[in-house]
Amino acid sequence: MSARIGALPGAFRAAPVSRYDQAAAMWLLAPMLVVLLAVAVFPVLYSFWVSLFDLKLTRPHRVPFVWFENYAIVFQDPLFWSSVWRTTWFTLMSVTAILVIALLIAILLNEEFPGRRFLSAMLLVPWAIPYVANGLMWKWIYDSGYGALNGLLLQLDFIDKYMFWLGDPDKTLALIANAFVWKEVPLAAILLLVGLKSIPADLYSAARVDGANLWRRFVHITLPGLRPAFMLVMIYETMMAIRHFDLFFILTEGGPAEASHVLAWQVYVETFRKLSFGTGSALAYIMALVTFLLAFWLIRMLGRKL
Amino acid sequence: MKRFHRRDFLKSSAAAALAGSSTFGALGRALAADPVNFFAWSAGVDQVKSHVSAFEAKTGIKVAYANAPWAQYRDTLVTKFVGRAPLDVLWVSDSWLPEWADAGWLAPIDGYPQLTRYNSDVDDFSTQSMTYKGRQYGLTYYTDYMAFFYDQEKLQKAGISAPPATWDEVVQQSLRIKQAGLAEYPLMLSMARETWLIEFLSAMVFSHGGRFVDDGGAAVMQDRKRGAHAALSWVVDAVGKHKIVSPACVETGELNGLKAFTSGAHAFAMLGRYRVRTLNDPKQSQIAGRARQALMPAGPNGSHATVGWNRFYGLTSTAAKNKAKAADAVKFIEWFGGKADGSYAFQKLMFLDVGAGFAVKPLFKDPDIVAAYQAYSDIGMYERQQSLARKKDVVSPWFGEWDEVNGTAWQAAVLGKSSVDAALKRSADTWNKLRKQS
């Protein structure tokens with residue numbers, strides 16, 4: 001027995017891999033590889049292939065190969081550029097608000113106070129609500145006839161008659177961003193809280209000894225320590241905001257007029273309402289490419305400072 | 001002796017399984033008669049099932065009935081057509097007819113006299129709604145139209161003795177109601193971007209004596225003399241100048257509009273005619289017993305015309321190509337869209353159970369229907385307005401694409417983000433471009 005135990009360390013040394021082992025590993029991994037190719041790689045490549053055709057489901061007998069004409073059509077469409085602008089504005093508003101609010105919440109929850117655990121649990125509630133339910137809830141809140149927002153503002157004497165919210169094109173995008181922020185803040189706050197917890201307490205003690213006040217400790221210790229978590233939250237939320245569709249679908253369907261016609265909505269209209277899979281796929285590819293490039297740029301910019 | 005390897009076992013098993021499945025598959029198909037595959041949206045499901053059962057019992061023909069929600073119906077069906085799913089008979093909306101007929105998915109039914117003989121009983125606009133390029137593609141299952149309703153009590157309180165007959169009178173009466181403090185926005189219009197929007201807009205345009213497109217299919221909506229301009233100008237003024245319609249109309253869908261009207265917040269409303277049952281139901285409406293239907297108000301050069309819509313039984317091209325299947329499918333269509341055992345049983349059942357409208361004129365004289373309808377509205381008004389209904393003139397293969405732009409343009413004008421001229425020009429330009437492309 002002792003001899004066997006004594007032999008154990010040697011068993012963990014990297015042994016030369018035999019051809020049999022390599023083949024066995026390949027065969028064992030093959031089913032998952034096939035599944036991945038079928039459900040991930042193939043649809044991605046196929047949708048690119050589709051984007052090169054003038055494919056309209058309701059015109060099944062004429063599907064010409066048009067090279068990159070669908071992309072040219074998209075770029076020449078003024079609605080595409082106004083959608084890009086609205087998507088950018090929505091993303092900027094949402095991500096900025098999420099980062100600020102989540103940071104404040106994370107700092108609060110990083111302190112010890114009575115009810116902290118209860119508050120932490122409550123914080124997760126919006127995150128746990130599905131997007132569709134979230135959208136329906138905000139639709140009810142914003143309704144100009146019987147919405148809770150009008151009721152609240154009227155009771156508080158902020159307004160003297162019911163306002164209309166989602167129907168006002170100057171307010172629509174900000175109101176949808178508000179609903180998006182409400183849903184996304186919890187996850188961002190938790191990620192930032194994890195980042196805060198990872199900052200060594202010794203740094204704060206040393207700074208206090210050196211006479212650094214609260215603000216200087218925040219600027220010189222907390223913020224730099226939070227950079228990795230910040231980067232993660234910023235990239236994740238930026239991608240979520242650019243691609244977001246659910247709230248636009250439930251709250252406004254791209255309206256009123258074109259006030260909430262963002263890129264994700266345009267992809268939906270093109271693909272599932274017009275059933276133009278060619279231009280729909282081209283749009284989706286453009287959106288994916290923009291998201292990828294933006295994420296890449298953010299990683300490079302912020303990663304350099306880590 | 002040859003060894004039996006694992007690979008041999010797998011090969012043998014697969015072969016046995018294939019042989020077994022094909023044998024039993026063939027046996028199964030032989031035992032079960034090939035059913036009529038009927039697809040509908042999920043409305044009146046219990047009524048459909050009971051009528052299917054009666055059809056099966058009467059004819060011995062099996063029916064495979066399936067349904068999908070209305071909101072996803074078009075996408076679902078298009079996908080099924082493209083994927084060559086088994087479909088024989090289906091419910092079709094008049095809005096999709098040109099698209100589906102041009103794609104070769106629907107077959108005309110005018111070669112079956114046992115179906116077309118019912119046309120003489122059906123309102124003209126309903127038959128026209130099922131006709132494309134001179135061919136008839138179905139038998140009606142449900143027909144209705146956009147109606148004008150008023151709250152009788154509010155009018156009486158404002159000292160108004162009769163409902164408005166013109167859109168000018170709507171303005172005058174609304175202002176009186178508003179001044180009397182009876183409603184902030186007397187007229188309820190639902191102008192949210194949804195499938196209902198084109199029905200509201202068409203009713204406004206038709207009652208102003210207008211058209212979106214002429215008989216040749218060219219856009220005339222931008223022409224100041226052709227009614228659409230007058231209709232949109234009226235809506236813009238009603239919202240911005242007279243303030244008798246809430247600016248929130250652009251976020252109010254048909255269902256929310258119904259709720260708002262039943263809450264007693266408005267004096268007038270444009271809603272689907274069939275909503276009158278809900279409006280006068282005390283369990284669902286605070287204005288129960290007070291909701292009355294009037295003829296659609298007329299514009300300066302218009303009439304009491306309104307828009308009607310039609311849903312019908314369509315026959316698929318694949319079913320039409322198979323003689324035996326087509327015979328069964330035609331029997332099925334007649335049982336539902338025509339007479340079953342000598343009467344329009346299904347239309348009557350749908351009307352009495354769920355309040356769905358019908359296009360077969362003899363039912364207006366049916367004692368059961370008259371008695372049921374008189375309990376909550378006036379069947380004479382129902383019939384009179386239906387006789388003035390017209391089919392949508394914009395139904396075309398490119399209708400869906402144009403509808404997106406047109407709805408947006410009207411909303412932009414209502415919100416003051418665009419002039420009436422610019423909005424209608426945009427709509428007309430889009431129409432002409434799509435028409436040219438097709």
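Modeller: Ask away. Keep in mind that this is a predicted model.

Biologist: Which element of chain A has the lowest mean pLDDT?

Modeller: Chain A averages a pLDDT of 88, and 94% of its residues score at least 70. Helix α4 of chain A, residues 78-109, has the highest mean among the elements, at 95. The lowest mean, 48, belongs to helix α1 of chain A, residues 2-11.

Biologist: How many contacts does the stretch of residues 1-6 of chain A have beyond near neighbours in sequence?

Modeller: Over residues 1-6 of chain A the pLDDT is below 50. Beyond near neighbours in sequence, the number of contacts for this stretch in the model is 0.

Biologist: Are α8(A) and α10(A) roughly parallel or roughly antiparallel?

Modeller: Helix α8 of chain A covers residues 172-197, and helix α10 of chain A covers residues 214-243. Their axes are 8 Å apart and the packing angle is about 160 degrees. Angles over 145 degrees count as roughly antiparallel. Therefore α8(A) and α10(A) are roughly antiparallel.

Biologist: How many nonpolar residues are in the contact of α8(A) with α10(A)?

Modeller: The crossing of these two helices is right-handed. From α8(A) come residues including A:F180, A:L191 and A:L192, and they meet a set in α10(A) including A:L226, A:L232 and A:M240. The contact of α8(A) with α10(A) also has 2 polar and 2 charged residues. Its nonpolar residues number 13.

Biologist: What is the orientation of α5(A) to α8(A)?

Modeller: Helix α5 of chain A, residues 116-128, packs on α8(A) at an angle of about 130 degrees, with the axes 7 Å apart. Roughly antiparallel needs an angle over 145 degrees, and roughly perpendicular spans 65 to 115. That makes α5(A) oblique to α8(A).

Biologist: How many charged residues does the contact of α5(A) with α8(A) have?

Modeller: The crossing of α5(A) and α8(A) is left-handed. On α5(A) the contact uses A:L123, A:L124, A:P126 and A:W127, and on α8(A) it uses A:W182, A:K183, A:P186, A:L187 and A:A189. By class there are 8 nonpolar residues and no polar ones. The charged count is 1.

Biologist: Is A:W67 buried or exposed?

Modeller: A:W67 lies in the loop between α2 (19-50) and α3 (69-76) of chain A. A:W67 has a positive phi of about 55 degrees, although it is not a glycine. A:W67 has 10, so it is exposed.

Biologist: Which residue is joined to A:G255 by a cis peptide bond?

Modeller: The omega of this bond is about -5 degrees.

Biologist: What percentage of the residues in chain B are buried?

Modeller: Chain B has 19 helices and 12 strands. Its C-alpha trace spans about 105 × 50 × 45 Å along its principal axes. Of the 438 residues in chain B, the buried share is 51%.

Biologist: How many charged residues are on the side of chain A that touches chain B?

Modeller: 22 residues of chain A are in contact with 22 residues of chain B. The chain A side has 10 nonpolar and 7 polar residues, and its charged residues number 5.

Key: Residues are numbered from 1 along each chain as its sequence is written. Chains are lettered from A and ligands numbered from 1 in the order in which they are written. This is a predicted model: local features need pLDDT of at least 70, side-chain atom pairs count only at pLDDT 80 or more; totals for chains, interfaces and linings use all residues. Two residues are in contact if their C-beta atoms, placed from the backbone, lie within 7 Å. Ala, Val, Leu, Ile, Met, Phe, Trp, Tyr, Cys and Pro count as nonpolar, Asp, Glu, Lys and Arg as charged, and the others, Gly among them, as polar. Helices (H or I, at least four residues) and strands (E, at least two) are DSSP runs, numbered from the N terminus. A residue is buried if 20 or more other C-beta atoms lie within 10 Å of its own, exposed if 12 or fewer, and partly exposed in between; C-beta atoms are placed from the backbone. Axes are lines fitted to C-alpha atoms, for helices over the stretch in contact, and angles run from 0 to 180 degrees between N-to-C directions. Angles under 35 degrees count as roughly parallel, over 145 as roughly antiparallel, 65 to 115 as roughly perpendicular and the rest as oblique. A crossing is left-handed if the near helix is turned anticlockwise from the far one by less than a right angle, and right-handed if clockwise. pLDDT is the predictor's confidence in each residue, from 0 to 100.
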